Amino acid sequence: MTALEGQTDSVEEIKAILEKLQEDASDEVKRLIKAYNPVAKHNKNLRLLQKCSDSFLQAAATFLGGKPVDASGKSKYKSRDTLIDWLIMAIEGYFRQYCVACDSSYTIERGGALQFRCAYCWGGSHNCDQITSQPPVLCVDTTA
């Protein structure tokens, strides 16, 4: 499955989102985001990002709002591939999403305030009343 399947955004719109995502990024994070290919299948992006060094992967994860290492500096991920999967999902989390609760499309801005994030993929939910009035399931409260 590619990032474009099930999306209403065109390739150009997704490329514009990827460009915007690179604002304020270090050169290494920019290179990692540029390596991501929205028209490629997940496994191809996995192979592309496997070529990045651990420091690139950790810098990108931190930039995208994750916490790739614990306080002692040990990786929170079982493998590099797990971290890369997370990075792919984090990047795709910035693409246009559709909320079935309020029947509207939305995008999440990097650094924007989110009510909840998925504890697995770290994707965000926008703050419509239908979402914020529900108890979180597998979510992390980002307002605490």
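Leaving aside its neighbours within four places in sequence, which residues is Asn45 in contact with?

Author: This is a predicted model, and within it Asn45 lies in helix H3. Beyond its neighbours within four places in sequence, Asn45 is in contact with Ala35, Tyr36, Asn37, Ala40 and Ile88. Asn45 has a relative accessible area of 0% and therefore counts as buried, the cut-off for that being under 20%.

Ile88, one of the residues in contact with Asn45, leads on to helix H5, where it is among the buried residues together with Leu83, Ile84, Trp86, Leu87, Ala90 and Ile91. The cover over the buried residues of H5 includes helix H3 (42-50), and also helix H1 (11-21), helix H2 (27-35) and helix H4 (54-63). Helix H5 itself runs over residues 80-92, and because its 13 residues at 1.5 Å a residue should span 18 Å, the 18 Å between its end C-alpha atoms agrees with expectation.

As for the setting, the chain contains six helices and four strands, which follow one another along the sequence in the pattern α-α-α-α-α-β-β-β-α-β. Of its 144 residues, 35% count as buried, and the chain exposes about 8,400 Å², with carbon and sulfur atoms supplying 52% of that area. When contacts between residues at least 6 apart in sequence are considered, 54% of them join residues at least 24 apart.

Terms used: Residues are numbered from 1 along each chain as its sequence is written. This is a predicted model: local features need pLDDT of at least 70, side-chain atom pairs count only at pLDDT 80 or more; totals for chains, interfaces and linings use all residues. Side-chain values use heavy atoms; hydrogens and water are left out. Helices (H or I, at least four residues) and strands (E, at least two) are DSSP runs, numbered from the N terminus. The expected span of a helix is 1.5 Å times one less than its number of residues. Buried means under 20% relative accessible area, exposed over 50%, partly exposed in between (1.4 Å probe, protein chains only). Contact means heavy atoms within 4.5 Å. Accessible areas come from the Shrake-Rupley method with a 1.4 Å probe; for residues, only the protein chains shown count as cover.
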